Amino acid sequence: MNYSLALKEELIATPPHTPCCRAAYLRGLFLNAAQTKTGKVLLKLSALSARRECARVYRQFYKKTALIDGATMLFSSPQLLSDLLLPPKFACQECRLAFLRGALIAAGSATDPEKSYHIEFHAMEPDGRDLLVDAMQAHGWEAKVRVCRDGGFGIYIKKNAVIEGILSVLGANQALFALMNAKITRDIRSEENRLTNCETQNIRRAVKASGRVLAAIADLRQRGLFEAMPEELRYTALLREENPDISLPELAQKHNPTLTKSGLNHRLQKIIAFAEGAKTT
C-alpha cells in the first residue's frame, strides 16, 4: 500500500465523535461534491477507502444508502444538499481539524516522504479552496495554492516541519513516524555523501600535491641537483619516491624520528621551492 492510501486509512480509523466535529468532518469529505440537474449530490472519489467512509458517514447522518458506480457516488438526500449549500459551522476548536481530516481523506494526497515532502488538497471551487486555506491558517500552517489543469485548485505544503505538525495534530502517528524515519535516513545519506565528497576532494588534493613533489624530485635528479639538497630534504624525498601513493600522515610515520603532518608538509614545500629556485640559477 502506498503512503497516501495508508495515511487515508489511518485517518479513517479515528473519526471525530462530537456532533459538531462530525458535521465538520462530513463537510471535508464532501468538499468537492456537485449538484446534479435532478437535485442529487454527486461525488467522485478514486480511493475505495474514501468512498466507503463517505457512504458510512452519509448513512450515519441521513439514514440513506449511497449509490456507487466505480469512482462515482450519488446521494439522494435533499437534506444533504441543503446542508452543503450552507456555509460550514466550526463550533469548537477541533472542528477545523475534523474538516481537514475529511478533506485529506476525500480530496487529499501525500507523497511518499522517501521521495519528497508534499501534502496536497484538491478543491474544485474557490469556496473550497478558501475553506482549506483558512482552516490551515487557523493552526498556523501556511499553504501555497496553484491552479490545476482541470480548473480546480491545489492547496499544498512542502515543508516537512509543517507536514509533521499536521500529521501529529490529526493523530496520524504511523504516517508521522514514516515521515520522520525517512527524514532521518535522508539526513544520514546526505551526511555520508558530504563526507564522501570531502574525502574525494582531499584525495584529489593529496594526489595533486604528491604529483608536484615527485615532479620536483624527478627534475632535480635529471639536472644532477638531487644531492645538493640538505640531508633532511633528501631523506624525505627518498621516502616519497619509495611511497608515491600513501597519504601525508602515513608518510610522516615512516620518518625516523617521525614527523608531524605539518612538519612533513613544510619539508615537501621546501623540496618544491628548492627545485623551482634551482631553475632560476
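**Basis.** I worked on a predicted model, where local features need pLDDT of at least 70, side-chain atom pairs count only at pLDDT 80 or more, and totals for chains, interfaces and linings use all residues. Residues are numbered from 1 along each chain as its sequence is written, and side-chain values use heavy atoms, with hydrogens and water left out.

**Entry 1: nonpolar cores.** I looked up the nonpolar cores, each a set of buried Ala, Val, Leu, Ile, Met, Phe, Trp, Tyr and Cys residues joined through side-chain atoms within 4.5 Å. I took buried as under 20% relative accessible area, exposed as over 50%, and partly exposed as in between (1.4 Å probe, protein chains only). The largest core has 60 residues, and the members that touch the most others are Phe30, Leu132 and Leu167. Helix α5 (residues 95-107) gives the most to this core, namely ten residues. I also noted a second, separate core of 17 residues, with Ala216, Ile217, Leu239 and Leu268 among them.

I then listed the contacts (heavy atoms within 4.5 Å) of Leu167. Leaving aside residues up to four places away in sequence, Leu167 touches Tyr3, Leu7, Ile119, Ala172, Ala175, Leu176 and Leu179.

**Entry 2: helix α5.** Helices (H or I, at least four residues) and strands (E, at least two) are DSSP runs, numbered from the N terminus. Is α5 mostly covered or mostly exposed? I found it mostly covered, with twelve of its 13 residues buried. The buried residues include Cys95, Phe99, Arg101, Gly102 and Ile105.

Within α5 I followed Leu100. Leu100 counts as buried because its relative accessibility is 4%. Beyond residues up to four places away in sequence, Leu100 touches Phe121, Leu132, Ala135, Met136 and Trp141. Leu100 and Lys44 are 56 residues apart in sequence and 18 Å apart in space, C-alpha to C-alpha.

**Entry 3: strand β6 and its partners.** Strand β6 (residues 119-123) is mostly covered, with four of its five residues buried. I counted two strands as paired if DSSP finds at least two bridges between them. Strand β5 (residues 108-110) runs antiparallel to β6 and is joined to it by three bridges; Ser109 has Glu120 in β6 as its bridge partner. Strand β8 (residues 153-157) is also antiparallel to β6, with five bridges. Here Ile119 is partnered by Ile157 in β8.

**Entry 4: the four-stranded sheet.** I traced an open sheet of four strands in the order β1-β2-β4-β3, with antiparallel pairing. Its edge strands, β1 (34-35) and β3 (67-69), each pair on one side only. Two bridges join β1 to β2 (residues 41-44), and Ala34 stands opposite Leu42 in β2. Helix α3 (residues 48-62) packs on the sheet and touches β2, β3 and β4 (72-75). The direction of α3 makes about 5° with that of β4, where axes are lines fitted to C-alpha atoms, for helices over the stretch in contact, and angles run from 0 to 180 degrees between N-to-C directions.

**Entry 5: salt bridges.** I searched for salt bridges, defined by a side-chain nitrogen of Lys or Arg within 4 Å of a carboxyl oxygen of Asp or Glu. How many does the structure hold? There are eight salt bridges.

- Asp130 pairs with Arg129, with the closest N and O atoms 3.0 Å apart. Asp130 is partly exposed at 33% relative accessible area, and Arg129 is partly exposed at 22%.
- Asp219 pairs with Arg223, with the closest N and O atoms 2.8 Å apart. Asp219 counts as buried at 18% relative accessibility, whereas Arg223 counts as partly exposed at 33%.
- Arg267 meets Glu232 at 3.8 Å, N to O. Arg267 lies in helix α11 (residues 261-279) and Glu232 in helix α9 (residues 231-242), so the pair ties together parts that are 35 residues apart in sequence. Arg267 counts as buried at 16% relative accessibility, and Glu232 is partly exposed at 37%. Shared partners join Glu232, Arg267 and Lys270 into one network of salt bridges.
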